[in-house]
Amino acid sequence: MSLFSLLNGLTFAALLFIVASGFTLIFGLLRIVNLAHGALYLFGGLVGYSAAAATGSFLAGIAAGMGAAALLGVALDRGLLRFVRGFELRQVLLTLGVAFVLNDLALVIWGGDTLTVPMPEALQGAMEIGPVFYPKYRLFVLGLGIFVFAGLWFLLHRTRLGALIRAGVDDPETIEAMGVDIRRVFLGTFMLGAALAGLGGVIGGAFLTLYPSADSEILVFSLAVVIIGGRGSLVGAGVGALLVGLLNSFGQVLFPELAYFAIFGPMALLLAFRPLGLFGKAA
Amino acid sequence: MKRAALWILVAALVLLVLPQVLPGYQVSIATQILIFGVLAMSIDVLAGFAGRTPLCHGAIFGTAAYVVLYWTTVAGGGIFTGVALGVLAATALAAVFALLAIRTSGVYFLLLTLALGMIVWGVCLRWTGVTGGENGIRGLGRPEMVADHVTFYYVTLGVVAPVTLLMWRFVHSPFGLTLRGIRDSETRMRSLGYNVPLHLFLAFLASGFFAGIAGALYAIFNDYVSPSTVQLTQSVAGLLMAITGGIGTLLGAFVGAGAIILLENTVSAFTARWPIVLGITFIVIMIFAPEGIVGRIRLLRARMRRVSSP
């Protein structure tokens with residue numbers, strides 16, 4: 001396949017990884033399946049759009065989008081999910097209700113038009129890579145995806161906070177007995193996961209645009225990534241994002257009307273052999 | 001037993017007299033409740049009896065609707081063949097979904113069925129040559145014989161009543177009991193020698209078959225189908241109806257369908273923000289009444305009996 005499709009697939013994979021890593025972080029560590037994750041993506045992206053349009057600064061947009069998504073995440077965790085702790089299915093369905101509310105709220109506030117987050121001037125235009133001219137911005141997204149992967153890996157495996165999070169997953173009671181306020185650690189994780197959705201929204205909103213059904217589309221892609229990669233695995237999310245991104249890119253070239261099959265066909269096949277995903281472990 | 005027979009008699013009478021007293025528009029709402037009641041029951045077969053909560057029934061339901069309308073308009077076929085093909089397509093789709101999903105349970109099952117349902121939505125949206133893309137498929141109008149609201153209501157009732165009876169028999173058959181056993185303890189059923197995956201597969205198949213019947217009825221009722229018929233909202237609304245009525249109560253599905261559809265119609269008269277209301281309803285039910293209306297009534301009655309008996 002052409003280099004252009006390959007790069008398209010890689011950059012889309014980077015965006016998917018940013019969004020799906022937040023999803024898998026919350027799913028894996030807190031055992032909460034947050035189906036409002038797509039709505040957080042859309043909401044964060046739209047807040048980022050407004051902030052970037054108002055201030056003229058892309059960075060301000062990113063900060064606003066991440067902040068808004070993180071705040072919504074806290075409100076969701078503290079305000080609603082606390083009432084259904086321990087009931088997996090009720091939690092999922094509750095977040096689904098939240099997704100509906102947020103999506104419709106976004107429609108009320110921003111209207112149904114397609115919006116594009118303004119990208120900074122330095123990232124506009126294309127640059128030459130070998131035989132093709134490729135948009136600089138998409139390359140920036142690719143770099144950011146790699147940066148987020150490295151940052152999260154470092155956080156989880158090389159810092160005290162990361163150690164606390166991993167320990168809290170295995171045995172929250174012992175950690176609490178040792179004097180650590182594990183609820184705060186979990187809340188922080190939830191905020192981080194939500195903020196990653198917001199980051200994805202702003203970044204993605206600049207090259208994929210934001211529109212009313214963008215939330216469910218990105219949610220399905222993230223689900224595919226997490227289902228393929230396995231719950232809570234950072235490496236799994238990375239591999240899953242690469243697979244989904246590349247399959248999507250090539251699928252769109254080969255059979256544009258049925259591109260969805262190109263992604264979900266292999267996913268279904270994989271599940272037949274590994275129901276918990278490539279890197280998933282039984283709970 | 002006598003009391004149950006009395007209840008059925010009363011319900012049958014009410015359902016038969018209803019269109020004679022209601023104005024035309026409300027008769028069509030009653031028809032809608034009957035159709036979605038079947039969809040909600042089909043979800044309950046899996047969620048309430050097999051312990052697998054699905055989020056793909058909107059897609060199965062919508063596939064039947066698409067096939068019926070495609071057959072009657074684009075292919076120019078008859079309505080009865082169309083319905084048969086629609087139900088067949090829905091059952092076939094359910095078979096594919098089942099093969100992929102029955103090995104999972106709990107949240108994984110939910111996520112996987114959600115993703116599978118979204119594929120159908122994506123295909124309906126993008127395969128414009130066949131599905132008409134975002135415009136959907138508009139029918140040629142209801143057939144002459146069922147054109148008016150009241151007649152169509154009776155036809156729907158004539159289909160829904162035996163289907164309901166069939167489903168009631170299904171979940172209370174030895175097969176249905178086995179399903180409940182699987183819901184409560186899969187390992188126990190396996191060690192007793194039951195073929196758990198086969199039972200789940202057949203339950204999914206039956207559930208898809210019934211959802212297909214609801215979808216085919218809906219296609220004739222609505223005479224129009226678009227990607228919004230197969231989208232996640234539809235699966236969620238169906239599940240919400242089943243939950244509102246009471247998971248595992250089967251007939252609660254009609255109570256749930258009635259509650260949600262009446263709520264939708266009331267809310268829509270005042271505001272276009274139905275998704276917000278739907279979302280909030282979902283949140284409130286999950287927090288305060290996860291056992292649903294019929295489930296709650298059963299609990300209260302059981303409690304009263306316990307208070308009065310000793």
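Author: Of the 39 residues that line the largest pocket, Trp7(B), Ile8(B), Ala11(B), Leu251(B) and Phe254(B) lie nearest its centre. The model is a predicted one, in which local features need pLDDT of at least 70 and side-chain atom pairs count only at pLDDT 80 or more, while totals for chains, interfaces and linings use all residues. Residues are numbered from 1 along each chain as its sequence is written, chains are lettered from A and ligands numbered from 1 in the order in which they are written, and side-chain values use heavy atoms, with hydrogens and water left out.

A pocket is an open set of points on a 1 Å grid over the protein atoms alone, with protein on both sides within 12 Å along at least five of seven lines; a cavity is a set where a 1.4 Å probe fits but cannot get out, and lining residues have an atom within 4 Å of a point. Points are joined across faces, edges and corners, and a volume is the space filled by probe spheres set on them.

The largest pocket has a volume of about 1800 Å³. Two or more lining residues come from each of H1, H2 (24–49), H7 (149–172), H13 (252–270) and H15 (292–308), all helices of chain B. Helices here are DSSP runs (H or I, at least four residues), numbered from the N terminus. H1(B) provides the largest share of this lining, twelve residues. By class, the lining has 30 nonpolar, five polar and four charged residues; Ala, Val, Leu, Ile, Met, Phe, Trp, Tyr, Cys and Pro count as nonpolar, Asp, Glu, Lys and Arg as charged, and the others, Gly among them, as polar.

Trp7(B) also belongs to a nonpolar surface patch with Leu6(B), Val10(B) and Val14(B), which together have about 430 Å² of accessible area. Such patches take residues with over 30% relative accessible area and no salt bridge, nonpolar side chains (Val, Leu, Ile, Met, Phe, Trp, Tyr) being joined within 5 Å. Val14(B) is placed in helix H1 (residues 2–21) of chain B and is partly exposed, at 44% relative accessible area. Buried means under 20%, exposed over 50%, and partly exposed in between (1.4 Å probe, protein chains only).

The second largest pocket holds about 1300 Å³. It is lined by 44 residues, and those nearest its centre are Phe100(A), Ser228(B), Gln231(B), Thr233(B) and Pro275(B). H4(A) gives the most to this lining, six residues. The lining divides into 25 nonpolar, 14 polar and five charged residues.

H4(A) also carries Asp104(A), whose side chain meets that of Arg273(B) in a salt bridge (2.8 Å, N to O). That term requires a side-chain nitrogen of Lys or Arg within 4 Å of a carboxyl oxygen of Asp or Glu. Asp104(A) is buried, at 2% relative accessibility, whereas Arg273(B) is partly exposed, at 27%.

The largest cavity contains about 70 Å³, and H4(A) gives four residues, the largest share of its lining. This lining comprises nine nonpolar, two polar and one charged residues. The second largest cavity contains about 30 Å³. Its lining includes Gln231(B), a residue also named among those nearest the centre of the second largest pocket. H5(B) gives the most to this cavity's lining, three residues.

Definitions and conventions. Patch = residues over 30% accessible without salt bridge, like charges linked within 9 Å, V, L, I, M, F, W, Y side chains within 5 Å. Areas by Shrake-Rupley, 256 points an atom, 1.4 Å probe, with all protein chains shown as cover.
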